[in-house]
Amino acid sequence: MSDPKLPPVYDPAAVETARYRFWLDQEYFKAAGDDLRTPYTIVIPPPNVTGSLHMGHALNNTIQDILIRWKRMQGFDTLWLPGCDHAGIATQNVVEKHLAEEGVDKEDLGREGFLEKVWEWKDTYHARITKQLYRLGVSCDWSRERFTMDEGCSMAVRRVFVDLYRKGLIYRGDYLINWCPRCHTALSDIEVEHEDEASTLTHIRYPLEDGSGTITVATTRPETMLGDTAVAVHPEDSRYQKLVGKKVILPLLDRLIPIVADHYVDPAFGSGAVKVTPGHDLNDFAIGQRHNLELIKIIDEDAKMTAAAGPYAGLDRFECRKKVVADLEALGLIEAIREHEHSLGHCQRCRTVVEPLISRQWFVRMKPLAEPALAAVEDGSTQFVPPRFTRIYQNWLESIRDWCISRQLWWGHRIPAWYCACGELVVDYEEPQSCPACGGKLEQDPDVLDTWFSSALWPFSTLGWPEKTADLKHFYPTSVLVTAYDIIFFWVARMMFMSLEFMGEVPFHTVYITGLVRDSLGRKMSKSLGNGIDPLEIIENYGADTLRFTLVTGQAPGNDQRFRQESVEAGRNFANKIWNASRFVLMNLSDQEDGTVDFTLYDPEVMLPRLIRIDRWILHRYNETVRQTTDLLEAYELGEAARLIYEFIWNDFCDWYVELSKYFLYRKDEPDAGADRNRTRAVLAYVLDGMMRLLHPFMPFISEEIWQQLPNRREEALVVASWPKPLEEHIFMQEATEMLLVQEVARAIRNLRSQVQLSPGKKAAVIIHAGGETARFLQEESHQLAKLTFAEPLTIEPAAVKPKQSLTAIITDGLELFLPLEGVIDVEAEIGRLEKELTQLQAEKKKTDGKLKSEGFVKKAPPEVIAKEEARREEQAARLTKLEQRIRELK
Ligand SMILES: [Zn+2]
Ligand SMILES: [Zn+2]
């Protein structure tokens with residue numbers, strides 16, 4: 001045997017860096033843009049430019065890479081378009097924090113100076129995340145990389161904004177928005193995280209203007225009463241019908257406010273009457289619009305009380321709450337204060353309690369845009385995998401409110417709107433020179449757009465829109481979007497309606513939803529828990545292939561998975577197993593003493609007649625694996641596909657075929673030894689080549705490394721080699737069934753040997769009772785069986801009877817095995833050992849029986865404990881029967 005080029009021990013670090021460089025240098029990831037080939041396109045969910053690779057990215061990008069590599073091998077013109085998101089509020093927060101550490105306030109730098117700093121940071125971070133993606137092995141077309149704030153994407157943003165504005169789908173309006181007093185910006189509904197918190201419900205009496213009594217309202221936020229402009233009751237609530245239209249005196253401020261009837265009010269909640277604060281509550285805002293109520297802003301952008309709060313002006317909102325309650329108490333207007341759990345909104349970025357505020361913001365009118373986005377999913381133009389996520393998408397779009405898109409930040413796409421002192425507003429693609437109405441100086445809107453505005457255009461802006469580029473024509477719409485379920489609202493839905501509006505077509509045909517990667521206990525990985533696992537550390541220690549394989553086998557579409565250290569180690573063992581088996585094969589292929597190996601297995605007419613049973617069997621199994629793997633990938637069952645490949649490589653190939661092949665590889669003297677050797681080499685080479693192809697999308701590095709050493713390869717690199725197809729002429733049903741039985745016999749022999757603890761390697765006779773066809777092919781494989789199971793001598797006969805003192809295994813009707821023990825082990829001592837075990841087991845079973853008979857236990861124990869005991873009893877009974885039978889056999 002000559003030395004193969006693979007070193008004896010697999011070192012992922014050495015292989016991976018060099019291989020990635022090789023792929024990049026050869027430009028294998030570059031999409032051809034060839035109109036004659038069918039495109040397959042994925043646009044990457046752009047990671048935040050300030051982010052670093054976490055487990056969610058690792059999973060998400062592994063899945064995309066598997067799909068892309070598989071389709072590339074299938075001959076599609078694949079484009080995986082990479083890029084980063086400027087991540088407005090997240091990036092601005094990060095940079096502000098860094099500057100604060102240096103003692104710099106962004107206000108001191110000014111807008112231009114601050115943005116310069118952010119761009120510097122952007123470059124540093126961008127280099128970092130890109131390098132991290134390289135490590136994972138992603139086969140993105142880096143020549144087409146984009147950034148949400150690059151020139152082209154920024155142009156697309158302006159175009160969309162102006163066009164929507166001109167169509168009346170973007171407007172500026174006073175609206176109640178979610179405001180973060182810390183971040184000083186508006187938040188969209190989904191940037192607010194709601195959590196249930198223990199609180200109190202304060203019941204306040206409002207005196208009626210006519211002095212005829214009071215009406216009681218309940219609130220979790222007593223300080224907002226200062227901004228009340230009505231009390232509302234349900235129109236059919238008989239208790240209040242005669243009060244509708246009357247007025248109450250708002251305590252503390254002595255303002256008169258009306259009692260209105262509105263269907264929104266729940267008569268069963270509290271007293272059935274509610275206070276209405278249109279300026280600080282989303283539902284009250286809606287009531288206010290229906291009844292034309294006045295809007296009073298009592299809390300400002302810093303969460304302090306305004307002048308409208310009268311004597312409370314200047315107080316923090318929470319201090320004010322205490323003071324209001326105390327003052328009402330003093331007036332005897334508090335009816336009750338009760339414990340109450342309620343849901344409170346927090347800023348997603350900084351956890352500050354959100355304040356609903358009236359402010360002038362830009363909005364996208366959602367109703368007309370949502371309708372086509374709903375229809376496109378309804379008619380199947382875009383499908384979710386798994387389908388249950390369709391409902392989540394639909395529910396959100398059906399009940400959607402207008403989208404507040406302006407943000408009071410500096411980092412982002414500045415809104416293309418200019419104001420003049422004369423009142424003129426100009427919205428345009430380019431900055432206007434002067435006011436078209438009065439010729440005066442114009443000021444641009446200081447706000448930027450919600451970061452998701454540019455992400456919503458990602459599938460077409462990255463392909464060159466609004467220009468009519470060749471890429472846009474060829475690669476749009478994209479094939480599949482791979483994303484986590486937590487951004488269906490933020491991102492998926494918005495890409496849908498923007499693409500339908502501007503491209504007239506869905507952005508992708510399939511949305512593959514991934515679950516979260518949780519820790520081994522099922523907890524979300526988080527900084528505060530300190531339970532995050534750094535994917536880069538796993539890559540460092542185990543290699544990217546192992547990380548990828550662990551992640552993909554652990555997942556099923558849409559389901560969360562737990563990340564376990566044991567799985568990583570299993571993945572590493574798999575890589576080592578592949579390496580060692582491949583090394584063995586390559587060593588034997590490179591031995592040319594019998595002349596050049598004839599790899600004409602590719603030419604079935606020449607090779608097929610020469611193949612023997614085990615060859616036909618492994619080709620059949622490989623063929624099946626190709627077919628099933630391809631089917632599973634088509635169905636997006638990536639984890640199942642990976643498991644299938646694992647089982648084929650580990651069990652069929654490494655544990656069986658490689659072992660069986662040794663018999664033919666090492667024969668020396670027989671006249672046909674050379675031919676046998678070459679035939680076996682051809683099959684080994686063929687299957688190894690195919691296995692590396694199947695493995696490549698999942699474990700790209702190790703598969704390419706091994707494949708490059710194959711003497712029979714016909715393509716220049718595995719990354720661009722063809723995906724295998726199942727072959728009609730490689731279906732060998734009969735040989736497959738026969739080999740299954742051979743394997744079962746071998747397993748049964750091993751099992752019998754282990755029952756009496758025969759050390760591996762110790763020879764022992766085996767008698768097989770079999771007749772007819774079965775006896776014939778077992779006889780043909782008897783040399784292999786004997787070698788694999790140390791059965792010596794191995795006899796196969798139709799008339800075999802069970803010898804005295806022997807163990808039996810029944811495989812099928814008419815196929816039985818005997819392992820005679822006389823002279824092999826000390827039978828008396830073995831019987832003694834088994835009898836001791838029997839006595840012990842009987843005692844254990846008695847205990848279980850007793851427990852299950854005891855009334856105290858059966859009545860008191862929870863059902864799952866009883867079920868466990870019942871299972872134990874059954875298991876003990878089964879073991880008992882077996883033991884007794886073995887003792888009988890030995891006697
Ligand atoms: Zn905040
Ligand atoms: Zn003007």
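Buried means under 20% relative accessible area, exposed over 50%, and partly exposed in between, using a 1.4 Å probe and protein chains only. Keep that in mind for this tour of a predicted model, where local features need pLDDT of at least 70, side-chain atom pairs count only at pLDDT 80 or more, and totals for chains, interfaces and linings use all residues. Residues are numbered from 1 along each chain as its sequence is written, ligands are numbered from 1 in the order in which they are written, and side-chain values use heavy atoms, leaving out hydrogens and water.

**First stop: ligand 1**

Select the zinc ion (ligand 1) together with Cys 180, Cys 183, Cys 347 and Cys 350, whose SG atoms coordinate the zinc at 2.2 to 2.4 Å. Donors here are N, O and S atoms within 2.8 Å of the metal (3.2 Å for Na, K and Ca); water is not among the atoms, so sites may look incomplete. Along the sequence, these donors are spaced C-x2-C-x163-C-x2-C. Now highlight Cys 180 and Cys 183: both are buried.

**Second stop: ligand 2**

Move to the zinc ion (ligand 2) and show Cys 420, Cys 422, Cys 435 and Cys 438, with SG donors 2.2 to 2.4 Å away. Their spacing along the chain is C-x1-C-x12-C-x2-C.

Which of these is buried, and which is partly exposed? Cys 420 counts as buried because its relative accessibility is 10%, while Cys 438 counts as partly exposed because its value is 47%.
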